Amino acid sequence: MPFYECKQSVVAEKTVAIDRFSNIILSTIKAGLTTHTEICAFLGVKEDDFVTMQFHYLLKNNLITEQKEGYVITHNGLNFLNKKY
């Protein structure tokens with residue numbers, strides 16, 4: 001009996017809605033509050049609170065960049081912010 005082996009590589013991309021907290025941070029940066037201190041004050045959280053880990057998530061996923069004047073929303077961040085789900 002002949003034996004056959006079939007292989008297939010599949011790549012799938014799934015787009016999910018951005019979480020509400022990331023959406024608020026991106027909207028805040030877009031509105032002009034760009035420093036970590038300003039954003040935390042606006043959100044009513046301490047600068048060293050655990051929720052600020054969300055900034056690291058946004059930086060890691062290239063949705064914002066950090067520059068000397070503060071956070072800047074990237075093109076990916078703007079596209080992600082403007083998507084309708």
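Predicted model: local features only at pLDDT ≥ 70, side-chain atom pairs only at ≥ 80, totals over all residues.
Reader: Leaving aside its neighbours within four places in sequence, which residues is isoleucine 29 in contact with?
Author: Leaving aside neighbours within four places in sequence, the contacts of isoleucine 29 are Thr34, Ile39, Ile64, Tyr71, Val72 and Ile73.

Reader: Within what arc do the buried residues of helix 3 fall, seen down its axis?
Author: The buried residues of helix 3 are Gln54, Phe55 and Leu58. They line one face of the helix, because seen down the axis of helix 3 they fall within an arc of 105°.

Reader: Which exposed residues does helix 3 carry on the face turned away from its buried side?
Author: The buried residues of helix 3 pack against helix 1, helix 2, strand 1 (64-67) and strand 2. The face turned away from that buried side carries exposed residues instead, namely Met53, His56 and Lys60.

Reader: With which side chain does the side chain of serine 22 make a polar contact?
Author: Serine 22 is found in helix 1. Serine 22 has a relative accessible area of 0%, so it counts as buried. Leaving aside its neighbours within four places in sequence, serine 22 is in contact with Gln54, Tyr57 and Leu58. The polar contact, at 2.5 Å, is with the side chain of glutamine 54.

Reader: What phi does asparagine 62 take?
Author: Asparagine 62 is found in the loop between helix 3 and strand 1, just after helix 3. At 38% relative accessibility, asparagine 62 counts as partly exposed. Although asparagine 62 is not a glycine, its phi is positive, at about 60°.

Reader: In what sense do strand 1 and strand 2 pair?
Author: Strand 1 and strand 2 form a hairpin with 2 residues between them. In this pairing, glutamate 66 stands opposite tyrosine 71, and threonine 65 has valine 72 as its bridge partner. Over 4 bridges, the sense of the pairing is antiparallel.

Reader: Which backbone nitrogen does the side chain of threonine 74 reach?
Author: Threonine 74 is found in the loop between strand 2 and helix 4 (75-82). Its relative accessible area is 12%, so threonine 74 is buried. Not counting residues up to four places away in sequence, threonine 74 touches Asn62, Leu63, Ile64 and Thr65. At 3.1 Å, its side chain reaches the backbone nitrogen of glycine 77.

Reader: How many disulfides does a search of the whole structure find?
Author: A disulfide is a covalent bond between the sulfur atoms of two cysteines. In this model, a pair of cysteine sulfur atoms would have to lie within 2.5 Å to count as a disulfide. A search of the whole structure finds a total of 0.

Reader: Is cysteine 40 buried or exposed?
Author: Cysteine 6 has 76% relative accessibility, so cysteine 6 counts as exposed. The cut-off for buried is under 20% relative accessible area. With a relative accessible area of 1%, cysteine 40 is buried.

Reader: What separates the C-alpha atoms of glutamate 5 and glycine 44?
Author: Glutamate 5 lies in the segment before helix 1 (20-31). Its relative accessible area is 58%, so glutamate 5 is exposed. Glutamate 5 and glycine 44 are 39 residues apart along the chain, and their C-alpha atoms are separated by 59 Å.

How values were computed
Residues numbered from 1 in each chain as written. Heavy atoms only, no water. Buried < 20%, exposed > 50% of the residue type's maximum accessible area, 1.4 Å probe, protein only. Contact = heavy atoms within 4.5 Å. Arc of directions from axis to C-beta. Pairing = 2+ DSSP bridges. Polar contact = N/O pair within 3.5 Å; in protein donor to acceptor, adjacent residues only side chain to side chain.
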